[in-house]
Amino acid sequence: MHNGKCLVAASATTLVLGILGDGDLHGYAIIKRVGELSDGDLRWNEGMLYPLLHRLERLGYPQASWGLSKAGRRRKQYSITEEGRGALAQRQKQWAIVADALRQAWETSRPTTETKPGWA
């Protein structure tokens, strides 16, 4: 399934902050969690995630700290800050409005297929 770049870009910050709201993670674990939450429909890579994480760090939403993996390799762990929690709460409200409007629009229209909706 093709997922529109605009939709992915629009939802990426909220998705990452929501994932970090559940606990500290390193980049690969965030990518894996995105896949899990979307049943594999969203496939992120490092080239998509790390520029976003760096931008969010500049905004003060997550903070990064160095830790060790189970194998003893250094890796960055990301955790959500209080500023990030505030931004997440604001974005959740915005997305709830969008989701409600979409739900109402779809309830009045007839579905064209019985499969998962695709992205433009």
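What share of the contacts in the chain with a separation of 6 or more is accounted for by residues 24 or more positions apart? The first point below takes this up.

1. Residues 24 or more positions apart account for 55% of the contacts in the chain with a separation of 6 or more, a contact being a pair of heavy atoms within 4.5 Å. The structure is a predicted model, in which local features need pLDDT of at least 70 and side-chain atom pairs count only at pLDDT 80 or more, while totals for chains, interfaces and linings use all residues. Residues are numbered from 1 along each chain as its sequence is written, and side-chain values use heavy atoms, with hydrogens and water left out.

2. The chain has four helices and two strands, and from the N terminus on its elements run α-α-α-β-β-α; helices (H or I, at least four residues) and strands (E, at least two) are DSSP runs, numbered from the N terminus. Of the 120 residues of the chain, 29% count as buried, where buried means under 20% relative accessible area, exposed means over 50%, and partly exposed lies in between, with a 1.4 Å probe and protein chains only. The chain exposes about 8,500 Å², and carbon and sulfur atoms supply 54% of this area; accessible areas come from the Shrake-Rupley method with a 1.4 Å probe, and for residues only the protein chains shown count as cover.

3. Helix α1 covers residues 5-21, and its 17 residues should span 24 Å at 1.5 Å a residue, which agrees with the 24 Å between its end C-alpha atoms; the expected span is 1.5 Å times one less than the number of residues. Just after α1, G23 takes a positive phi of about 150 degrees.

4. S79 lies in strand β2 and is buried, because its relative accessible area is 13%. Leaving aside its neighbours within four places in sequence, S79 is in contact with D24, Y61, P62 and Q63.

5. For α4, the 27 residues should span 39 Å at 1.5 Å a residue, and the end C-alpha atoms are 40 Å apart, which agrees. In this helix G84, A87 and L88 are buried, and what covers the buried residues of α4 includes α1 and β2. Together V98, L102 and W106 make a nonpolar surface patch of about 300 Å²; patches are made of residues with over 30% relative accessible area and no salt bridge, like charges being joined within 9 Å and nonpolar side chains (Val, Leu, Ile, Met, Phe, Trp, Tyr) within 5 Å.

6. The structure holds one salt bridge, that is, a side-chain nitrogen of Lys or Arg within 4 Å of a carboxyl oxygen of Asp or Glu. In it the side chains of R33 and E36 meet at 3.2 Å, N to O, and both residues lie in helix α2, three residues apart, about one turn of the helix. R33 is partly exposed, with a relative accessible area of 32%, and E36 also counts as partly exposed, at 40% relative accessibility.
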